[in-house]
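Hi,

Here is the structure I promised to pass on. Have a look at it first, and then read my notes below.

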Amino acid sequence: MSEERETEVIHSWSAPRSLSTSLMYSFAQRDDTEVLDEPLYAHYLRVTGVDRPYREELLSKMESDGNKVVKNIIYGPGKKKYRYCKHIAKVRLPGLSDDLTKKGKHFILIRNPIDSLQSFDKVVPSSFHELGLADLVSVYSELSASGKPPPILDVAHLQQHPEAALRGLCEDLDIPFQDSMLKWEAGPKSVDGIWAPWWYKSVHKSTGFVQPVKYRPPFPPSLYDVLEQSLPFYNMLKSHARSTRFQKIPTPSLPVATNEKILVWVGDELLPRDNAMVSVFDSVVQGGDSVWEGLRIYNGKVFKLEEHLDRMFDSAKALAFNNVPTRDEIKEAIFKTLIRNGMFDNAHIRLSLTRGKKVTSGMSPGFNLYGCTLIVLAEWKPPVYDNTKGITLVTATTRRNSPNNLDSKIHHNNLLNNILAKIEGNNANADDAIMLDKDGYVSETNATNIFLVKKGIVMTPHADYCLPGITRATVMELVKKEKLVLVERRISLSEFHTADEVWTTGTMGELSPVVRIDGRVIGDGRVGAITRRLQTSFKKLTTEEELGVPIPAYH
């Protein structure tokens, strides 16, 4: 017989019905590992008084003093290098020794509750408590707080790619992988707990990890509430899980790193960035049915807020929205979002209002409105264009929508017309694309309004086919204040090619010089004098009190 030795303990934490027994069998095949099947189960039954068909037998044969189990059984001497302890998270009750989580290696095994809930009723009724995902999150949080976030393995990955999943888990646990972990003999095992006849009938038929069933039986409506309660906990853990199904794609870095941890207003509450989402039944998902505004924050004020809200309400009315939030409610949501994010300057807001949810999907009629969904997305965002050296444009073949088809004065979220033009601009390595109207005259770019200067006269296209932008109107007023001549008329593409100066206007970019269009150099290829003059005037304008609504003081 081998002598007893100090053993390194590996703790597996999971909810019930999560292939935890299969994984225990996998580790039991290793030549350097001994396994314990739920060593704290008797303690759990004794303390909670929970009834099970095997309760009395279990309490008579297993140690039920949890701290003795932790000290003498879990962390007691062993005969092999590793001891694998399978735990169901809910057995970690108050009063247990801190050594349970402070010592040893730990990992978490998760399974989508939609795949595990139906098997519960064979032994105990399904419930949020029995599923125990909240307990599993608690284990994860405690281990993470200690500076040792545990690896997380999703059953879906384990079933689809057993070897890759097990190799990854062994790597995370800093132990060597063994091929023997992939297979075991069918039938009951000597390591099984007393409860095996009630719970292990299916796993006793197995000889390894198998592909998941492709088509499962209908999900019972009686379990819907438990599923709805449990999924957020599963999704939180899944977001930290090791993925073996797909090659890991690096997360692109954000232009402004601080935007990684922002709060977004959705509906009637603030949510962390990764939790900010709308229902798949929302009209914006079903049909792009939404209106929006872009707002910019300067020196503690929301610039031209009232004008933007006027246009949003006009757009919502044009689209026959009902149950629209009031102006004060929208302002309150904006201010709360800005204050809670600490955004008082150099920030941008994407303000959206969707029609709301409906019962049927697709384009079928009969909206069942729960009220419009308000979204306030505030980000740290400087102007998106190079307003010092200028930008380049190309002309898109995609024409701007006619009012006969979709009036551009409705500031809607269905932006495919603009997106197709932007794709053309991207393919030409230009910053943006000019869009023409149905008669071939310039309308705007895919994202901004546009101006030109010829012999000292400032010109801009009529707003027949384009959005009459608020920044556009602001710059038009500045042109008049600067005592320059302003002409609003139909303008051909060649007039832009031969202009002395060109610039675009929009909330995202402010006033952006254009130095090249379709390969033609505008003027001398540098930012023009009138452009710079208006940029300076616009910058000064953003500091004027009467043009911005102050963000309220917080307490």
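First, the ground rules. This is a predicted model, so to speak: local features need pLDDT of at least 70, side-chain atom pairs count only at pLDDT 80 or more, and totals for chains, interfaces and linings use all residues. Residues are numbered from 1 along each chain as its sequence is written, and side-chain values use heavy atoms, with hydrogens and water left out.

On to the rings. Searching the whole structure gives 13 aromatic pairs (Phe, Tyr and Trp rings, the six-membered one for Trp, with centres within 6.5 Å; planes under 30 degrees apart are stacked, over 60 edge-to-face, the rest tilted). Phenylalanine 27 and tyrosine 84 are a stacked pair, because their ring centres are 4.4 Å apart and their planes meet at 25°. Phenylalanine 27 is in helix H1 (residues 20–28) and tyrosine 84 in strand S3 (residues 82–88), so this pair ties together parts 57 residues apart in sequence. Helices (H or I, at least four residues) and strands (E, at least two) are DSSP runs, numbered from the N terminus.

Tyrosine 84 also pairs with phenylalanine 107, this time tilted, at 6.2 Å centre to centre and 45° between the planes. That links strand S3 to strand S4 (residues 105–110), with the two residues 23 apart. Tyrosine 84 has 0% relative accessibility and therefore counts as buried (under 20% relative accessible area; exposed is over 50%, partly exposed in between; 1.4 Å probe, protein chains only). Phenylalanine 107 is buried with 0% as well, and phenylalanine 27 is also buried.

Elsewhere, Tyr41, Tyr44, Tyr54, Trp195 and Trp198 form one aromatic cluster.

Threonine 504, in strand S18 (residues 501–506), is buried at 1% relative accessible area. Beyond its neighbours within four places in sequence, its contacts (heavy atoms within 4.5 Å) include Ile391, Leu393, Asn449 and Val514.

Leu416, Ile419, Leu420 and Ile423 make a nonpolar surface patch of about 360 Å². Patches take residues with over 30% relative accessible area and no salt bridge, joining nonpolar side chains (Val, Leu, Ile, Met, Phe, Trp, Tyr) within 5 Å and like charges within 9 Å. A salt bridge is a Lys or Arg side-chain nitrogen within 4 Å of an Asp or Glu carboxyl oxygen.

Cheers

Terms used. Areas by Shrake-Rupley, 256 points an atom, 1.4 Å probe, with all protein chains shown as cover.
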